[in-house]
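Let me put the structure up, and then I'll talk you through it.

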Amino acid sequence: MALQKNYPKYTASVTQQHWCHGILQRRSTWGRKERKRMKMLGMVVAIGRVAMGSLGGNVQAEVTKAPFGTTTVGEHTGKQVDVYTLKDAALEVKVITLGARLMAVNAPDKNGKKADVVLGHPDLAGYEADRDTYFGAVVGRYGNRIAKGQFTIDGKQYDVPVNNNGQSLHGGLEGFDNRIWSAKQIPDGVEMTLVSPDGDQGYPGTLTAHVRYTLKGPDLRIDYSATTDKATVLNLTNHAYFNLAGEGNGTILDEKITINADRYTPVSSVLIPTGDLPSVAGTPFDFRTPHVIGERIEAENEQLKIAGGYDHNWVLNGPNGTMKMAAKVVDPKSGRTLTVSTTEPGVQFYTGNFIKDGAITGTGGQAYVRRGGFCLETQHYPDSPNHPAFPSTLLQPGQTMHSTTVFSFGVEK
Ligand code: GAL
């Protein structure tokens, strides 16, 4: 197996990084009209941000810590999990130390009425019992799938646990979502740290990962960084499910999404990328202009059938390593909007197809339904270690992986 290019050495600013070359640097095939539309969208977002920022953007967020519960399952039994609350004039955000999970985001609608727009469990026992949804978690070491749980670095084959249809999903049986992260308060937020030992779930190298959640006005920013003492692969992302109508408030099928991507990565029957990067043009995967999520989700399309809906990686337009818009979602009824920007090269748009109707009672006491939330997991592409043409997920000793994603909440009247 050919090796991939490395992550470049981290320089002072994330905007200076260019982790990938080749395919993503080809000139975008996006039409002039679409580019103009995206530019306009970006401007509207920027104006919205300034407006929301004036509500509280210049004031430091208030950060508080409280015990969330004591674990009762597995190697962590008897350990305390804490909840950090980040609050400013625009938003209230809750993050817990189990899985460095984003547990709640209380955001106003067009009339100023707040609702929690993130799916979650009401208590720690709920998170401990649920090994399927990854609600709000930082997933790792490798977010999404690695084919047959196998990859090669420097000619050596590594085997990591297969926990999903013969493939490895979200870091294996005991991924980062199920670890208690250490945490410390930082200005406007909290920094979570996890040291994953050499050989953890079969992955080489001691990996030290930091995830910082900070809140500034309408922007919830997540900064990831990681170092290793042996060459390894990693793909960290956040697995929050959003429902802009409020968690527990039915499906997300009426919400409208735009994705800044000309191409996507179709998958095999076990949800592993085929390696092709076809255009989204003329398919139900074309979200370059806004579409209601439910509009084409049941279309006669092989990819939608395989995944039971949307559960694919979109190849974001714009350079890898530089902040760019990934997606925007609008809930026409409440007027709430979510804009996602990232330095990552891809985004997994997942429509909660595997949530079982009524199986989970959520944070506010309502039963969740299938497709009751969507995820926008900013990431490197699934199974990158086995696709040398994809942007590399290899991290070498001496390098620092850095990645930033901003979830920006607003309203449209
Ligand atoms: C997503 C993945 C889905 C499913 C989900 C967890 O990231 O793409 O296929 O595994 O996580 O239920």
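So, the core. The largest nonpolar core has 95 residues, and the ones with the most contacts inside it are Val93, Val95, Val105, Val118, Ala327, Phe349 and Phe374. Keep in mind that this is a predicted model.

Let's zoom in on one of those, Val95. Setting aside residues up to four places away in sequence, Val95 touches Tyr84, Ala100, Arg101, Leu102, Met103, Val190 and Tyr213. You'll find Tyr84 in strand 2, residues 80–87. Is Tyr84 buried or exposed? It's buried, because 23 other C-beta atoms sit within 10 Å, and 20 or more is what counts as buried. Beyond neighbours within four places in sequence, its contacts are Val63, Lys65, Val95, Ala183 and Val190. And if you want a distance, Tyr84 and Ile96 are twelve residues apart in sequence, with their C-alpha atoms 6.2 Å apart.

Now the sheet around there. Strand 2 pairs with strand 3, residues 92–96, in the antiparallel sense over five bridges. Thr85 stands opposite Lys94 in strand 3. Step back and you get an open sheet of five strands, order 1-2-3-4-5, with antiparallel pairing. Its edge strands are strand 1 (62–70) and strand 5 (114–116), each of which pairs on one side only. From one strand to the next, the twist averages 20°.

Have a look at strand 21, residues 311–316. How many of its six residues are buried? Six of the six. Both faces are covered: Asp311, Asn313 and Val315 are buried on one side, and His312, Trp314 and Leu316 are buried on the other. As for its partners, strand 21 pairs antiparallel with strand 19, residues 261–265, over four bridges, and there the bridge partner of Ala261 is Leu316. Strand 21 also pairs antiparallel with strand 24, residues 346–350, this time over five bridges, where Asn313 has Gln348 as its bridge partner. Strand 24 in turn is joined by five bridges to strand 25, residues 374–379, and those two run antiparallel as well. Tyr350 stands opposite Cys375 in strand 25.

Some of those names come back around the ligand. The residues around the ligand are Asp132, Thr133, Tyr134, Asn144, Leu169, Leu271, Asp311, Gln348, Tyr350, Phe354 and Glu377. How many of them are nonpolar, polar and charged? The shell divides into five nonpolar, three polar and three charged.

Tyr134 from that list takes us to Asp177. Leaving out neighbours within four places in sequence, Asp177 is in contact with Gly99, Tyr134, Ala137, Val138, Val139 and His170. Asp177 is in the loop between strand 10 (168–169) and strand 11 (182–186). Why does a loop residue like Asp177 count as buried? Because 24 other C-beta atoms lie within 10 Å of its own, and the cut-off is 20. Asp177 and Arg141 are 36 residues apart along the chain, with 9.6 Å between their C-alpha atoms.

Strand 8 pairs antiparallel with strand 9, residues 156–159, over four bridges, and Phe151 stands opposite Tyr158. The two strands form a hairpin with two residues between them, and Asp154 in the turn has a positive phi of about 50°.

Last, the overall numbers. The protein has three helices and 27 strands. Buried residues make up 51% of the 413 residues. And among contacts between residues at least 6 apart in sequence, 70% join residues at least 24 apart. That's what I had, thanks.

Conventions
Residues numbered from 1 in each chain as written. Predicted model: local features only at pLDDT ≥ 70, side-chain atom pairs only at ≥ 80, totals over all residues. Buried ≥ 20, exposed ≤ 12 C-beta atoms within 10 Å, placed from the backbone. Contact = placed C-beta atoms within 7 Å. Near = placed C-beta within 6 Å. Nonpolar A, V, L, I, M, F, W, Y, C, P; charged D, E, K, R; others polar. Pairing = 2+ DSSP bridges. Core = buried A, V, L, I, M, F, W, Y, C linked by C-beta atoms within 7 Å. Axes fitted to C-alpha atoms, helices over the stretch in contact; angles between N-to-C directions.
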